[in-house]
Amino acid sequence: MKKIFTLLLSLGLFTLTFAQTTISGKVSDTKKEKLPGANIILKDTYDGTTSDSIGNFTFTTYETGTQILVVTFIGYEDYTDTIILSNTTLNLDIVLKEMFNELNAVVISAGAFEASDEKKNTILKPLDIVTTAGAEGDIYGALETLPGASKVGNDDGLYVRGGSDYETKTIIDGMPVNNPYFSTVPDVPSRGRFQPFMFKGTVFSTGGYSAEYGQALSSAVILNTEDMPEYTASGVSIAPIFLGAFHTQKFNKDKTALGGGINYTNLALFDEVYNPATFEWINSVEAIDGSLFFRQKTSQTGLLKVYFQKESSDFSLRTPDIDSLPETDDIELGNSYNYLNVSWREILTDKWSVNAGVSYSKNNDDIVVDGFDVGRADESYQAKITFNNEITKKIKIRYGAEYQNQHFEQNAGLLNFGIDDDFYGTFVEGDIFITNDIAGRIGVRGEYSEALGEFNLAPRVSLAYKTSKNGQISFAYGDFYQTPQPNYLYVAETNPLVYEKATHYILNYQYITNDRTFRIEGYYKKYNDLITQDSFNLDNFYFDYSNNGFGYARGIDLFFRDKKTIKYADYWISYSFLDTKRKFSDYPEEVTPTFAAQNILSLVYKHYIPSINTQVGATYRYISGWPYFNPNSEEFLSDVSPDLHNLALNASVLTSLWGNFTVFFISWDNVLQQDQIYGYQYSANGENMIVSEAPVKSTLFFGIFMSILYGDDRRVNDIDIDKSAE
C-alpha cells in the first residue's frame, strides 16, 4: 500500500511539474536601455514578477491556454501581449515605449536663444539684461554678448550673422515694431527705446524662426510684456544725466492694474565731462518720455494688456565735412515717437486658445543739415490674431493672420517722397511630437504687399532629436522674405521691385543642465534679390534700383554658460566665426560687407559677494575688425579696421534706505582705454580721411534705483536682498 501511495504521489508531482509554464525574458525601452522594476503579470491572475536590476525576469504559472501578459513601468506606456501557455518555456523580449511628457520632451531650439523665466531652455533671464557689464541696461546691448549678434560702429541696430540692421525685426506681444531704437544720426550711438523690466521674456532667434513671424531676413527679437504686476509699488531712478519715476497700482481684488512712469534725460553734464572725438555738440541731447499701462483680467484665464509710450527728444551737433575739410556741417535732429500696443489672450476651451492684438506707431524725425531738410516720418497700424489648437498632447496647431498699413515719408529739401503699403500675412504651423525624443515643426507663411503687388509663400521646417537626457540636436530650414526698405520703394512705380529673400539652413547641438549650457551651431544663408542701386538720377534725385543683388553667409556659433563651478559666480563665453559676401546697395561686386566682422568673442563674468550684498561684473569683447571703403585701394572694401578690444566693469550694491529696496550701481566702459576704431571715412577723391571711432573712448556712469512697496508687501524688500545671491 505504501509503495502504491508513493507511486501515486510521484505521478501527481510529475503531473503538476509538467503543467507549469516558465515565462522569462527582458524588459527594455526603445533605446535598448534595460528597465529594472517593471511589473510583469498575467492579467486576472496572481502570477507575475518584477524585472531585476538589468531588466531580466522569470516566473512560472499553472495557467494554460490563451492569456494576456501585461507589463507596466512608470513613465512608459502599458504593454500587453496575447500569449499561449502550453506547458513549455516562453522567452520574451519586451520593449516599452516612453510615455509622452511635455516637460521631458525634446525642445525645438535651432537658431533660438530663450531669455524667459517661463522656458526650461532659458539662456538669459530678464535680470541678466540689466546686470551685464557693457550692456548699459539695454536689451540689444545684452543680446550682443550672445553668439551671432554684433553692434557695428556707432550705428544703431542689431547685426546678426552677416545681415544688415534692417534685417532684424523686433516684435512686442506678437506685434512687429518700427523704430525700436532711439533716433540718431550717423556716428552717434543709440540704444533701444524699451525698458528691460517691461518684459517677462525674450526670444532671440538668429535664424530659422517660426512661420508666425515674417519680414526679417536674418533675425527676430521677440519680446513678451509682463502680465499682472505682483505688487502695488513705486520707484525712482536718479543719475547725473537721468531722472525717472514710476508707480503701479493694483485694485479690484487684483483683477486690475494701472501704472505709468516718466523719465527725463539731459546729457549736458555728461558732455561737459567727456568731449566727443568725432564731432562737436551744439546742443546736448535732451529727452523726455512717458508711459502708461493697463492690465485687466477678463476671466479666470483671460488677460487684456494695454501699453502706451510717448517720447520727445532733440539735439544738434557739428561734424566734419569729409569732402571739404576743415569745413563742418551742422546737424539738428528733433524726434517725436508714439507707440500703442493692445493685446488680449484667452483659453477658450480645453483644446483652443486665442491671442489677438492691435498696435499703432508714429515716428517723426525733423533732420536739418546746414539748413537742408532731410527729415523722415513713418506711421503704421497693425492687427493680428492667432488661434492655438491642441489636437492631442503630441500634435499642436496654430494659425493666424495679420494686417499692416504703413506710410513712409522722406524729405530732400523741397522734394518729398512717400509710399503707402497695405501688407497681409497668414500662417499655419504644427508642432508634432513623435516621441519624447523626436519632434518636428512644419509650417508655411504667405504674404502679400500692395506696394510690390507681389505674393510670397515661405515654407519653414524644424526637427529636433534628443540624444540623451540633457543633449539634443536640431535642424531648421526656411525661406524668409522682406519688403525692400522704404527709401527704395519711393521709386518702385518706375522701377518695380520684388521681395528680398534669404534661405536658412541651421544645424544645432545643445547640452543643458540646470547650471550649465553648451551650444554649437552651424549655419548657411543664401541671399537672393537683394536691392542694388545702379546710377543716380539727377533729374528726379534718386538712384535707379533693382533686385540684382545676391550673397551668402555661413559660420559657426559657440556658447557656454556655467553657474555651478565657481560659488556665487555666473559666466558665459560666446564666439562667432562668420564668412559672408554679398552684392547689394552700390557694391560693384560680391564682397564682405562693411558690417560683417569675421571673429567675435564675448566673455561675461558676474560674481555676488554676500558679505556686502554686492554684485560685480565684467564683460570683455573682441572683434576682428570691419571692412571699410578706401578709394585709394585697388580692391573694393579690401581694407579692414584694427581689432577692437573692450573691457567693461560694473557693480551693484543692494541695500535698504528708509526700509526701501535700493540699488547703487556703477559701470565703467572701456576700462583699458583701448582705441575703439570702427574704420576710416574717405572723401570722394581719397585725399581726406577721418577716423570712424567711438565718440568717447571711455565712460563712467553711476546712479541709484529705489523700489517702494506698501503695507505688508514691504517685507519683500528684505527677502529680495537676502535672496539676491540666488
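The protein chain holds six helices and 41 strands, where helices (H or I, at least four residues) and strands (E, at least two) are DSSP runs numbered from the N terminus. The model is predicted, and for that reason local features need pLDDT of at least 70 and side-chain atom pairs count only at pLDDT 80 or more, while totals for chains, interfaces and linings use all residues. Residues are numbered from 1 along each chain as its sequence is written, and side-chain values use heavy atoms, with hydrogens and water left out.

Taken along the principal axes, the C-alpha atoms of the protein chain fill a box of roughly 135 × 65 × 50 Å. Of its 726 residues, 50% count as buried, a term that stands for under 20% relative accessible area, with exposed meaning over 50% and partly exposed the range in between (1.4 Å probe, protein chains only). Among the contacts in the protein chain with a separation of 6 or more, 60% come from residues 24 or more positions apart, a contact being a case of heavy atoms within 4.5 Å.

We can now turn to the sheets. Three strands make up an open sheet in the order β4-β1-β7, with mixed pairing, where two strands pair if DSSP finds at least two bridges between them. Its edge strands are β4 (56-61) and β7 (89-96), each of which pairs on one side only. Neighbouring strands of this sheet are turned by 20° against each other on average, direction ignored; for such values, axes are lines fitted to C-alpha atoms, for helices over the stretch in contact, and angles run from 0 to 180 degrees between N-to-C directions. Strand β1 (residues 21-29) runs parallel to β7 and is joined to it by eight bridges, with G25 standing opposite L92 in β7.

A further open sheet has four strands in the order β3-β2-β5-β6, and its pairing is antiparallel. Because β3 (48-50) and β6 (79-85) stand at the edges with a single partner strand each, one side of each is left without a neighbour in the sheet. The twist from one strand to the next averages 20°.

Within this sheet, β2 and β3 pair in the antiparallel sense over three bridges, and I41 stands opposite G48 in β3. These two strands form a hairpin with five residues between them, in whose turn D44 has a positive phi of about 65°. Strand β2 (residues 39-42) has a covered face, made of I40 and L42, and an uncovered one, made of N39 and I41.

L69 in turn has D81 as its bridge partner in β6. Strand β5 (residues 65-72) and β6 run antiparallel and are joined by seven bridges, among whose pairings G65 stands opposite L85. In the hairpin of β5 and β6, which has six residues between the strands, G75 takes a positive phi near 90°.

Of the 20 residues that line the largest cavity, G148, R161, L578, A597 and I600 are the closest to its centre. At least two lining residues each come from β9 (149-150), β10 (159-160), β32 (569-583) and β33 (599-609), and β32 gives the most, with three.

Finally, two single residues can be set side by side. T532 has its place in strand β30 (residues 516-537), and this residue counts as buried because its relative accessibility is 2%. Leaving aside residues up to four places away in sequence, T532 touches D544, Y545, S546, N548, G549, K583, F584 and S585. Q300, in turn, lies in the loop between β18 (280-297) and β19 (303-320), and Q300 counts as exposed because its relative accessibility is 82%. Q300 and I347 are 47 residues apart in sequence, and their C-alpha atoms are 9.1 Å apart in space.

Note on methods. 1 Å grid on protein atoms, 1.4 Å probe; cavity = no way out; pocket = protein on both sides within 12 Å on 5 of 7 lines; lining within 4 Å.
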